[in-house]
Each structure stands twice: as C-alpha cells, then as structure tokens.
Amino acid sequence: MAQLIDKSEIKSFIDELGFSIPDSMLELLIQQVSKHETCLLQYGEVTAKLLALYSVARLASMSGARKIASQGSQSGSRSFNYDSSGTDHLLTQIRVWDKNNCLSDLPLSGKKAGFFAVVGGHYE
C-alpha cells in the first residue's frame with residue numbers, strides 16, 4: 001500500500017501554516033500517523049489523506065515546531081511561538097471527520113489546564 005502522505009506534502013502544508021520542524025522529526029510523525037492508514041481509508045482516500053495531513057501538522061505543532069510570531073524587516077529579527085494554538089482548527093476538523101476514532105490513540109488534544117481557585121471565607 002502506498003503511503004497516504006509524503007514528507008514533501010506535509011512539509012508544504014506546515015510551511016503554509018507558518019511552522020518549521022526538522023525533517024527527522026517530521027518523518028517520525030508521519031510514521032506514527034501512517035500506522036492508522038488502514039482505518040483511515042474507510043473514510044475514502046481524500047478524507048483519509050486530509051486526516052493524515054491534519055494529524056501530522058497538529059502533532060508537529062505540539063512537538064516543538066516553531067512558528068514565526070513576528071519578524072522585523074530591517075533588522076531581520078524574528079520571534080517564535082512554540083505552541084499548538086495555530087492548529088486548534090485542525091483538531092476540530094479531525095474530530096468531525098474521524099467518527100470511528102481511528103486517531104484516538106494519538107496525542108492530538110494537547111494538555112488541558114485545570115482550574116484552581118482559592119476562595120477566602122469565614123466558617124462558623
């Protein structure tokens with residue numbers, strides 16, 4: 001079976017999203033998603049390919065990929081973000097299309113922060 005996506009396709013996609021990640025890391029993430037190809041193909045080749053692209057991009061953004069936050073034109077300075085916030089829409093789409101949870105074992109959700117509050121008061 002041919003691989004649903006190749007490195008050049010996903011690299012192009014994550015470049016469009018503004019992320020950069022080393023090729024070695026990208027290849028490993030593609031391998032992780034490729035393990036799910038048989039399950040993904042039940043949705044048809046087009047949807048399976050989109051799910052694979054979105055999943056790798058989401059994993060890349062959560063694996064330390066850097067995204068240009070700002071760039072100075074004259075100084076050439078750049079600042080980067082290292083978070084997955086730019087791919088939250090991909091996670092939403094993955095959840096809509098992956099009705100049989102083919103990708104449920106991948107860490108696509110990220111970390112959820114809990115809420116902790118301290119309320120002062122006097123008990124009698």
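Lys 7, Lys 11, Asp 23 and Glu 27 are joined in a network of salt bridges, a salt bridge being a side-chain nitrogen of Lys or Arg within 4 Å of a carboxyl oxygen of Asp or Glu. The structure is a predicted model, in which local features need pLDDT of at least 70 and side-chain atom pairs count only at pLDDT 80 or more, whereas totals for chains, interfaces and linings use all residues. Residues are numbered from 1 along each chain as its sequence is written, and side-chain values use heavy atoms, with hydrogens and water left out.

Across the whole structure, 5 salt bridges are found. In one of them, the side chains of Asp 23 and Lys 7 meet at 3.6 Å, N to O; Asp 23 belongs to helix H2 and Lys 7 to helix H1, so the pair ties together parts 16 residues apart in sequence. Helices here are DSSP runs (H or I, at least four residues), numbered from the N terminus. Asp 88 pairs with Arg 58, the closest N and O atoms lying 2.8 Å apart, and this links helix H5 (residues 88-97) to helix H4. Arg 58 is buried, at 1% relative accessible area, while Asp 88, at 38%, is partly exposed (buried means under 20%, exposed over 50%, partly exposed in between, with a 1.4 Å probe and protein chains only).

Helix H2 covers residues 23-34, and its buried residues are Leu 26, Leu 29, Ile 30 and Val 33. Seen down the helix axis, these residues fall within an arc of 105 degrees (taken from the directions from the axis to the C-beta atoms), so they line one face of H2.

Terms used: Helix = DSSP H or I, 4+ residues; strand = E, 2+ residues; numbered from the N terminus. Expected span 1.5 Å × (residues − 1).
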